[in-house]
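Hi everyone, thanks for coming. Have a look at the model while I talk you through it.

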Amino acid sequence: MTMLHIDNLNVWFGSGRDRVDAVKGASFDVGAGESFGLVGESGSGKSTILRAITGLAPTWSGRIAVDERTIEKTRARAFYKQVQMVFQDPYASLHPRHSVDAVLGETLQLHGFKDIDARVVRLLDDVGLGQKFRFRYPHQLSGGQRQRVAIARALAPEPELLLLDEPTSALDVSVQAEILNLLADLRQEHGLTYLMVSHDLSVVGHMCDRLAVMKDGEIVEIMDVADLRVMKAAHPYSQHLLQASV
Amino acid sequence: MDTLLDIENLWVKFPTRQGIFDAVRGVSFTLGRERLGIVGESGSGKSMTGRAILRLIRPPGIVEADHIKLDGVDLLQKSEKAMRDVRGERISMVMQDPKFSLNPVMTIGDQIIEAYRLHNTASKSEARAKALEMLEAVSIRNPERVMRAYPHEMSGGMGQRIMIAMMLIPNPEILIADEPTSALDVSVQRQVLDIMDKLVKERGMGLIFISHDLNLVADFCDRVLIMYAGRIVEVCDADKLHDAQHPYTRGLLNSLPRLNAPRDRLDVLKRDPAWSDAPSVSGRV
């Protein structure tokens, strides 16, 4: 079963002379329960694909289908129950004057849950933070703890597809290991599907089953992680990327 | 090997409402004509060490040391005015992010020319020729155009190369590079490192390379200091970093995902309070 289907996706910014085509004709499928990686240099359009899926980049054409339902330009609330995103920088993605309780409580309320109190407790347990963090503010948390809160917020509506935009690149390697373990556990427990953007090939190799290599807005190659491990890339650019990161 | 920089018992302290916070706690090391790596997590005091050498820590921060000797002269004894002749001209520093370190309202050419003329008496046209030459040395294509451009027109990799050009134009003896490549893509990272490597070798400079990336440091440097909680916990040759003994270094190495050795779970660092209590290891040669 296909969880996410992307067909001939184009994303552009600006118009006329200033038009920039950030993504050009991208197509790929992500199966239910699969973990799919997008790699490439900065500016290659990998984050833009995630932003187009969630509706943060409104100028796109092509077809995006989640769970075999085509996405319209305006997304229904049901869409956000199914798809959630975790951003790169945990220092920027949490409101500095909202406590953890307010962040999670508001999300739960917006999604129409009634037993908010019990759910906040369970979300915090799920991401390994526990009760004592419930009434803290972002400045009282470390980078890893903040990213856990951001993950808890994404899990609040009980989504099926999680879009991860460089979830560990702002963190130390020791903290990165904790977050990657947490994400792997959550995927298993909740049967989640991941679409993960990273510039770090070893992180994608660890987390994903398949990956797409992007260059200048185009997908140049879709490969299995097994091929990545033995450095078997077909496209010269993917070979170059592999060599540079070892 | 001749010693360029000799640091003994360096402390960096910040007074807070909860008492004095020690960011760097009694660090000693020497730097010769080599590439010395300093690695550690955020908050381990590696950047503070780099800044303290140039006395860039502003009050209320306090820098204390038995000595910070540059060619036998103690930098701590120098007046603020005398320090200005050291910064840039003898010891120069490349910061992490070119976006915040270049002047946004000055063309790149003017900034590099300013850096040169501050330390050398040269006419404008001489300085301009020198700046163009330097931009070419850091592999910038079309330097004429770049000279006229403003920083926001540059990509991250180009910005970082421009920073390096600007820092190297006064021909310093020591270059301190604080995470010079962590904002860059892997392929650009290589280029920038190669350029720094070439310049360090050709000019016989000493390089202090501050990074959180263990693999990069193992690859690029000659010697590595591993810092934890403001102290040096281990010193080793860079090519032997992967055989490091200290449990903290081992923990950091094991927490990295590896392409050729897949694992279901990554090892998580278990911190031992004894690591931060143990005395600092000397990084002297």
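Let me begin with a term: a helix crossing is called left-handed if the near helix is turned anticlockwise from the far one by less than a right angle, and right-handed if clockwise. Before I use that, some housekeeping. What you see is a predicted model, where local features need pLDDT of at least 70 and side-chain atom pairs count only at pLDDT 80 or more, while totals for chains, interfaces and linings use all residues. Residues are numbered from 1 along each chain as its sequence is written, and chains are lettered from A and ligands numbered from 1 in the order in which they are written.

Axes are lines fitted to C-alpha atoms, for helices over the stretch in contact, and angles run from 0 to 180 degrees between N-to-C directions.

Okay, chain B. Which way does the crossing of α4(B) and α5(B) go, left-handed or right-handed? It's right-handed. Helix α4 (residues 108–119) and helix α5 (residues 124–137) of chain B have axes that come within 9 Å and cross at roughly 110°. So α4(B) and α5(B) are roughly perpendicular, a label that covers 65 to 115 degrees, with under 35 being roughly parallel, over 145 roughly antiparallel and the rest oblique. On the α4(B) side, the contact uses B:G109, B:I112, B:I113, B:Y116 and B:R117, and α5(B) brings B:A127, B:R128, B:K130, B:A131 and B:M134. By contact I mean C-beta atoms, placed from the backbone, within 7 Å. That set splits into 6 nonpolar, 1 polar and 3 charged residues. For the classes, Ala, Val, Leu, Ile, Met, Phe, Trp, Tyr, Cys and Pro count as nonpolar, Asp, Glu, Lys and Arg as charged, and the others, Gly among them, as polar.

Zooming out, chain B is assigned domain 1 (1–90 + 180–285) and domain 2 (97–171), with bounds from an automatic or database domain assignment. Their C-alpha centres are 27 Å apart. In chain B, 12 residues of domain 1 are in contact with 14 of domain 2, and the domain 1 side has 8 nonpolar, 2 polar and 2 charged residues.

Now, how do the chains meet? 22 residues of chain B are in contact with 21 residues of chain A. On the chain B side, α8 (186–203) and α10 (247–254) each supply at least two residues, and α8(B) gives the most, with 3. That side has 9 nonpolar, 7 polar and 6 charged residues.

Over to chain A and its sheets. Strands pair if DSSP finds at least two bridges between them. One open sheet has 6 strands in the order β6-β7-β8-β3-β9-β10, with mixed pairing. Its edges are β6 (83–86) and β10 (218–224) of chain A. β6(A) pairs in the parallel sense with β7 (residues 161–165) of chain A over 4 bridges, and A:V83 stands opposite A:L161.

Another open sheet in chain A has 4 strands, β2-β1-β4-β5, with antiparallel pairing. β2 (20–31) and β5 (69–70) of chain A each have a single partner strand, so one side of each is left without a neighbour in the sheet. Inside, 6 bridges join β1 (residues 2–13) to β4 (residues 60–66) of chain A, with A:D7 opposite A:R63.

Definitions and conventions: Contact = placed C-beta atoms within 7 Å.
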